Amino acid sequence: MNLNAVWTIYIFEMRRFFRTMTQSIVSPVLSTSLYFVVFGTAIGSRIQEVEGTSYGAFIVPGLIMLTVMTQATSNASFGIYFPKFIGTIYELLSAPISFLEVVAGYVGAAATKAMFIGLIILITSFFFVDISIAHPIAMMAFLTLTCISFALMGFIIGIWAGNFEQLQLIPLLVITPLVFLGGSFYSISMLPPIWQSITLFNPVVYLISGFRWSFFGTADVSIGLSLFAIALFTGGCLAFIWWIFKTGWRIRQ
């Protein structure tokens with residue numbers, strides 16, 4: 001693998017992030033603060049605990065996942081769409097680098113940005129609630145895998161999108177609703193049995209459940225299923241990206 005090519009793409013994308021670093025930090029901090037005010041105070045006053053954890057602390061993993069998934073997807077989709085939009089993607093295609101190196105550069109940068117923002121939200125949450133992390137290594141592992149997997153999906157969206165409006169279509173109409181309905185602010189055990197069964201078809205449930213387990217040691221589904229879901233999703237995205245570069249779908253057309 002040409003590590004110089006990967007590093008060049010990675011640094012180029014990260015420089016764009018650091019140019020807007022203030023906006024990138026202030027926005028998630030303000031959003032997190034508002035969520036704690038609305039959910040932690042208003043709803044938390046009525047729901048004291050969920051599975052033995054204070055409601056304010058319980059929603060922290062969901063808040064992090066909500067932001068990380070949308071940020072990883074948006075950053076990766078814009079990162080690859082912009083070269084396609086201005087035509088510089090043909091320089092990448094003609095360069096002596098493989099599709100894995102192109103993907104590693106763009107996806108690595110998008111995942112890094114999302115992880116950075118996720119950690120900022122985690123730090124912000126300590127100012128609002130008393131929270132401890134039962135399995136810090138597992139927490140970082142789940143966070144890293146989630147950032148990478150959704151950055152891969154964002155890369156696919158960036159290739160698929162035909163205009164800037166379509167870049168926001170999937171994150172707004174698919175990812176955000178799935179996160180809200182995937183137990184980010186509640187435990188699916190609180191739902192009626194029929195809705196618990198339906199919710200298990202939501203793939204985001206397994207990601208949030210595994211991430212919450214790393215904080216509190218409790219989960220709605222088994223950790224094995226959570227890891228399998230992440231591996232399956234990541235593998236599916238990689239296979240689809242390989243097919244895109246092999247056929248030139250939406251790139252050479």
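Trainee: Which residues does Thr 146 touch, not counting residues up to four places away in sequence?
Mentor: This is a predicted model, so to speak of local features a pLDDT of at least 70 is needed, side-chain atom pairs count only at pLDDT 80 or more, and totals for chains, interfaces and linings use all residues. Residues are numbered from 1 along each chain as its sequence is written, and side-chain values use heavy atoms, with hydrogens and water left out. Contact means heavy atoms within 4.5 Å. Leaving out residues up to four places away in sequence, Thr 146 touches Met 65, Val 68 and Met 69.

Trainee: Is Thr 146 buried or exposed?
Mentor: Thr 146 sits in helix H7, residues 136-160; helices (H or I, at least four residues) and strands (E, at least two) are DSSP runs numbered from the N terminus. Buried means under 20% relative accessible area, exposed over 50%, and partly exposed in between, with a 1.4 Å probe and protein chains only. Because its relative accessible area is 1%, Thr 146 is buried.

Trainee: Which backbone oxygen does the side chain of Thr 146 reach?
Mentor: A polar contact is a pair of N or O atoms within 3.5 Å; within protein, one must be able to donate a hydrogen and the other to accept it, and residues adjacent in sequence count only if both atoms are side-chain atoms. At 2.8 Å, the side chain of Thr 146 reaches the backbone oxygen of Phe 142.

Trainee: How do H7 and H8 lie to each other?
Mentor: Axes are lines fitted to C-alpha atoms, for helices over the stretch in contact, and angles run from 0 to 180 degrees between N-to-C directions. The axes of H7 and H8 (residues 164-180) come within 8 Å and cross at roughly 135 degrees. Angles under 35 degrees count as roughly parallel, over 145 as roughly antiparallel, 65 to 115 as roughly perpendicular and the rest as oblique. H7 and H8 are therefore oblique.

Trainee: Is the crossing of H7 and H8 left-handed or right-handed?
Mentor: A crossing is left-handed if the near helix is turned anticlockwise from the far one by less than a right angle, and right-handed if clockwise. The way H7 passes H8 is right-handed.

Trainee: Which helices do the buried residues of H8 pack against?
Mentor: The buried residues of H8 are Leu 167, Pro 171, Ile 175, Thr 176 and Val 179. They pack against H4, H7 and H10.

Trainee: Which residue has a side-chain oxygen at the start of H8?
Mentor: The backbone nitrogen to look at belongs to Glu 165. Reaching to within 3.1 Å of it is a side-chain oxygen of Asn 163.

Trainee: What distance does H10 reach from its first C-alpha to its last?
Mentor: H10 covers residues 203-216, which is 14 residues. The expected span of a helix is 1.5 Å times one less than its number of residues.

Trainee: How many residues of H10 are buried?
Mentor: The buried residues include Val 204, Tyr 206, Arg 212 and Phe 216. H10 is mostly covered, and of its 14 residues the number buried is twelve.

Trainee: Which residue caps the N-terminal end of H10?
Mentor: The cap is a side-chain oxygen that lies 3.0 Å from the backbone nitrogen of Val 204. The residue that supplies this oxygen is Asn 202.

Trainee: What is the angle between H6 and H11?
Mentor: Phe 99, Val 102 and Val 103 in H6 meet Ile 241, Trp 242 and Phe 245 in H11. H6 (residues 99-125) and H11 (residues 223-247) have axes 10 Å apart, and they pack at an angle of about 125 degrees.

Trainee: Is Glu 51 buried or partly exposed?
Mentor: Glu 51 is found in the loop between strand S1 (49-50) and strand S2 (53-54). Its phi is near 55 degrees, a positive value in a residue other than glycine. Most residues other than glycine have a negative phi. With a relative accessible area of 36%, Glu 51 is partly exposed.

Trainee: What is the phi of Arg 250?
Mentor: Arg 250 lies in the segment after H11. Although Arg 250 is not a glycine, its phi is positive, at about 65 degrees.
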